[in-house]
Amino acid sequence: MTYPQAYKYERGTNRVPAARLPVIAAVLGVRIDYFYEGFDGAAATVQTQHHRMLGNLVRYFLAIESLSEQEALCRLIQVLAERQARVGSRGIARLAPMQEEHADATA
C-alpha cells in the first residue's frame, strides 16, 4: 500500500470493502468485530454535500443522450480543473498567467 492510498483511507476518501475485512483482520490478528467496536448503528452513513454533488453530477451526466454534449461537459470540467490548478487554492496567487492567455487570444 502506498502513502497516498493510506492517506485516502484515513480521510475516508477510499473505503475498505466489507469483503476485505476478514483478510485485514487476519493480518492484524484481530476478530472482524474489532472493526465495529463502538458503532451503534445510529449514524449509518452521513452523506456530505460533496458526495451529494458528485452523485448529482453523475446522474445528470448520464441523462445527457448526446455524446458530443457529454464530451463538451467533460472538456468544461477539465478546463475548470486545470484553471484551479494554475490559480491554486487561494484563487489569487497566479492571476498573471490568465491575463497573459487573454492577451495572447486577443492578439
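1. The chain has 5 helices and 0 strands. Read from the N terminus, the order is α-α-α-α-α. Keep in mind that this is a predicted model.

2. Check the confidence before anything else. The mean pLDDT of the chain is 77, and 75% of the residues reach at least 70. Helix α4 (residues 67-87) has the highest confidence, with a mean of 91. Helix α5 (residues 95-106) has the lowest, with a mean of 46. Across residues 92-103 the pLDDT falls below 50, and this stretch makes 9 contacts in the model beyond near neighbours in sequence. Where pLDDT is low, the predicted coordinates should not be read in detail.

3. Next, burial. The chain has 107 residues, and 4% of them count as buried.

4. Then the contacts. Take those between residues at least 6 apart in sequence: 3% of them link residues at least 24 apart.

5. Where does Ile32 sit? Ile32 lies in the loop between α2 (21-28) and α3 (49-63). Is Ile32 buried, exposed or partly exposed? Its relative accessible area is 36%, so Ile32 is partly exposed. That class lies between the cut-offs of 20% for buried and 50% for exposed.

Notes:
Residues are numbered from 1 along each chain as its sequence is written. This is a predicted model: local features need pLDDT of at least 70, side-chain atom pairs count only at pLDDT 80 or more; totals for chains, interfaces and linings use all residues. Side-chain values use heavy atoms; hydrogens and water are left out. Helices (H or I, at least four residues) and strands (E, at least two) are DSSP runs, numbered from the N terminus. Buried means under 20% relative accessible area, exposed over 50%, partly exposed in between (1.4 Å probe, protein chains only). Contact means heavy atoms within 4.5 Å. pLDDT is the predictor's confidence in each residue, from 0 to 100.
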